[in-house]
Amino acid sequence: MSFTIFMPTKWIFGAGALNELGKQSLPGNKAMLVTSKKGIS
């Protein structure tokens, strides 16, 4: 088996990460947000 993966992904992780999203320039037009049940208060 052989394959190539190209996944240009920027991860912003940790406490206060949601506050940093507005400061980021996004190269595309889609974003995926993943939080826990108590991730957004």
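This talk covers a pocket, a salt bridge and a surface patch.

First, the ground rules. The model is predicted: local features need pLDDT of at least 70, side-chain atom pairs count only at pLDDT 80 or more, and totals for chains, interfaces and linings use all residues. Residues are numbered from 1 along each chain as its sequence is written, and side-chain values use heavy atoms, without hydrogens or water.

Now the pocket. A pocket here is an open set of points on a 1 Å grid over the protein atoms alone, where a 1.4 Å probe fits, with protein on both sides within 12 Å along at least five of seven lines. The largest pocket holds about 1,000 Å³, counted as the space filled by probe spheres set on the points. Its lining has 25 residues, each with an atom within 4 Å of a point. K10, W11, I12, L21 and M32 lie nearest the centre. By class, the lining has 14 nonpolar, nine polar and two charged residues.

Next, charges. The count is one salt bridge, meaning a side-chain nitrogen of Lys or Arg within 4 Å of a carboxyl oxygen of Asp or Glu. E20 and K23 form it, at 3.4 Å, N to O. How accessible is E20? E20 is partly exposed at 32% relative accessibility. K23 is exposed at 62%. The cut-offs: buried is under 20%, exposed over 50%, partly exposed in between, with a 1.4 Å probe and protein chains only.

Last, the surface. M1, F3, I5 and M7 make a nonpolar patch of about 630 Å². Patch residues have over 30% relative accessible area and no salt bridge, with nonpolar side chains joined within 5 Å. M7 is exposed, at 65%.

Technical notes
Ala, Val, Leu, Ile, Met, Phe, Trp, Tyr, Cys and Pro count as nonpolar, Asp, Glu, Lys and Arg as charged, and the others, Gly among them, as polar. Patches are made of residues with over 30% relative accessible area and no salt bridge: like charges are joined within 9 Å, nonpolar side chains (Val, Leu, Ile, Met, Phe, Trp, Tyr) within 5 Å. Accessible areas come from the Shrake-Rupley method with a 1.4 Å probe; for residues, only the protein chains shown count as cover.
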